[in-house]
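Here is a short tour of some side-chain contacts, a sulfur link and strand pairing. Take a look at the model, then read on.

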Amino acid sequence: QVQLVESGGGLVQPGGSLRLSCAASGSIFRIYAMGWYRQAPGKQRELVAGISDTGSTNYADSVKGRFTISRDNAKNTVYLQMNSLKPEDTAVYYCNAQIATTRGAIVYIYWGQGTQVTVSS
């Protein structure tokens with residue numbers, strides 16, 4: 001059983017910052033890529049940022065230069081530092097991770113439950 005638990009969401013004023021965390025726990029052999037997605041009301045879920053197991057990163061154009069994704073492999077945790085937040089960043093943010101539960105096992109994608117980020121004055 002694998003769980004991803006997000007934390008760090010909340011209400012922030014435009015121009016402010018938030019740091020999201022997502023910790024994976026349970027029966028984990030290896031975590032490959034991890035990422036953050038978001039879904040605003042009435043819109044499809046979209047990729048915000050991703051990070052490989054070797055540390056390579058990619059970002060949506062809308063967040064480049066403002067958001068930074070990082071990971072702590074010892075803690076099975078991925079972070080999303082969000083700076084210069086805008087009202088259009090308001091959404092539920094979800095983390096995901098590609099995880100193998102045992103050596104040689106199929107890699108599955110697991111999702112967190114989501115955390116609300118609201119950017120408003």
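This is a predicted model: local features need pLDDT of at least 70, side-chain atom pairs count only at pLDDT 80 or more; totals for chains, interfaces and linings use all residues.

## Charges over rings

R45 places its charged end over the ring of W111, at 4.8 Å from the ring centre.

## The disulfide

How many disulfides does a search of the whole structure find? The count is 1, and the partners are C22 and C95, with sulfur atoms 1.9 Å apart. The link of C22 and C95 is right-handed, with 45° about the S-S bond. This pair ties together distant parts of the chain: C22 lies in strand β3 (residues 18-26) and C95 in strand β9 (residues 91-100), 73 residues apart.

Are the two cysteines buried or exposed? C22 counts as buried because its relative accessibility is 0%, under the 20% cut-off. C95 is likewise buried, because its relative accessibility is also 0%.

## Strand β3 and its partners

Besides holding C22, strand β3 pairs with strand β1 (residues 2-7) in the antiparallel sense, over 6 bridges. Within this pairing, L4 stands opposite A24 of β3.

Strand β3 also runs antiparallel to strand β8 (residues 77-82), and 6 bridges join the two. Which residue of β8 stands opposite A23? That residue is T77.

Methods: Residues are numbered from 1 along each chain as its sequence is written. Side-chain values use heavy atoms; hydrogens and water are left out. A disulfide is a pair of cysteine sulfur atoms within 2.5 Å. Helices (H or I, at least four residues) and strands (E, at least two) are DSSP runs, numbered from the N terminus. Buried means under 20% relative accessible area, exposed over 50%, partly exposed in between (1.4 Å probe, protein chains only). A charge sits over a ring if NZ of Lys or CZ of Arg is within 6 Å of the ring centre and within 35 degrees of the ring normal. Two strands pair if DSSP finds at least two bridges between them.
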